[in-house]
Amino acid sequence: MRIDTTEVQDINSFSGLESFKEVYGILWILVPILILILGITISVLAIVWLEREISAGVQQRIGPEYAGPFGILQALADGTKLLFKENLIPSRGDIRLFSIGPSISIISILISYSVIPFGYNFVLSDFKIGVFLWIAISSIAPIGLLMSGYGSNNKYSFLGGLRAAAQSISYEIPLTLCVLSISLRAIR
C-alpha cells in the first residue's frame, strides 16, 4: 500500500487549522471577561480618586497628588502597600478561626460568581436555581467576618467583626429583595 505525501500534508494542515480554531474560540470567550474586569478596575480607580478629591475639597485640604499625575494612582499605591504588609496573628487568639474566617468570606464570594453567565454559551455552572444559589452562597460571608473577630480573642476586634457582619447583612437584605423582585418579575 502506498501513501501519497500530498494527502498526509493536507490532513496535517487541516488538523492544524482545527486546533487553531479551538484556541481562537477559547481566547474569544475570555476577551469579554477581560474587558469586563478591566472596565470594573478602571471604574473603581476613578471612583476612589473622585471620592478622595471631593473629600479633600470639602475638608479644605490637599488631596492625593504624589502617586501619578494628579494622584490618579493613589489607590494602586494603597493596594500595593496593603498587599505587602506584614500578616499579624494575635498571640492569645485562636489561630485557626482567625485565619479561616477571611478565607470563608473570600471563597463564598468567588463561588457565588459560578452562576453568573459570562457569555451566551459560557456559564460555569448551569443551575435552575441560580439566583437563589447566588443569594445563599454570598450570605455565608458574614460568618467569616464573625469568625475572624471572635478568633482574635480581643473584645474590640470582636466588636469590629460584629459591626462588619451587621453591615454586610444590612447590604445583603435590600440586594436580595431587589434580585428576588426582578427574578419574580422576569418569571411573570
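Helices here are DSSP runs (H or I, at least four residues), numbered from the N terminus. This is a predicted model, in which local features need pLDDT of at least 70, side-chain atom pairs count only at pLDDT 80 or more, and totals for chains, interfaces and linings use all residues. Residues are numbered from 1 along each chain as its sequence is written, and side-chain values use heavy atoms, with hydrogens and water left out.

**Helix α5**

Step back to α5, residues 141-151. Color A141, P142, G144, M147, S148, G149 and G151: they are buried. Buried means under 20% relative accessible area, exposed over 50%, and partly exposed in between (1.4 Å probe, protein chains only). Now show what covers these residues: the cover includes α3, α4 and α6 (155-187).

**S105**

Next, select S105 in helix α3. Is S105 buried or exposed? Its relative accessibility is 10%, so S105 counts as buried. Leaving aside neighbours within four places in sequence, S105 is in contact with A141, G144 and L145. Contact means heavy atoms within 4.5 Å. Draw a distance from S105 to L145: the C-alpha atoms are separated by 6.9 Å, at 40 residues apart along the chain.

**α3 against α4**

Show α3 (residues 95-112) with α4 (residues 130-138). Their axes come within 8 Å and cross at roughly 170 degrees. Axes are lines fitted to C-alpha atoms, for helices over the stretch in contact, with angles from 0 to 180 degrees between N-to-C directions. The two helices are therefore roughly antiparallel (over 145 degrees).

**The aromatic pair**

Select Y150 and F158. The structure holds one aromatic pair, and these two residues form it, edge-to-face, at 6.0 Å centre to centre and 70 degrees between the planes. Rings pair if their centres lie within 6.5 Å, and planes over 60 degrees apart count as edge-to-face. Y150 is exposed at 58% relative accessibility, whereas F158 is partly exposed at 31%.

**Annotated spans**

Finally, select residues 26-50, 97-123 and 129-148, which the unreviewed UniProt entry annotates as "transmembrane region". Such annotations may be inferred rather than shown by experiment. Residues 26-50 are 100% helix, with end C-alpha atoms 37 Å apart. Residues 129-148 are 85% helix and 0% strand, with end C-alpha atoms 31 Å apart.

Key
Rings of Phe, Tyr and Trp (its six-membered ring) pair if their centres lie within 6.5 Å; planes under 30 degrees apart count as stacked, over 60 as edge-to-face and the rest as tilted. Angles under 35 degrees count as roughly parallel, over 145 as roughly antiparallel, 65 to 115 as roughly perpendicular and the rest as oblique.
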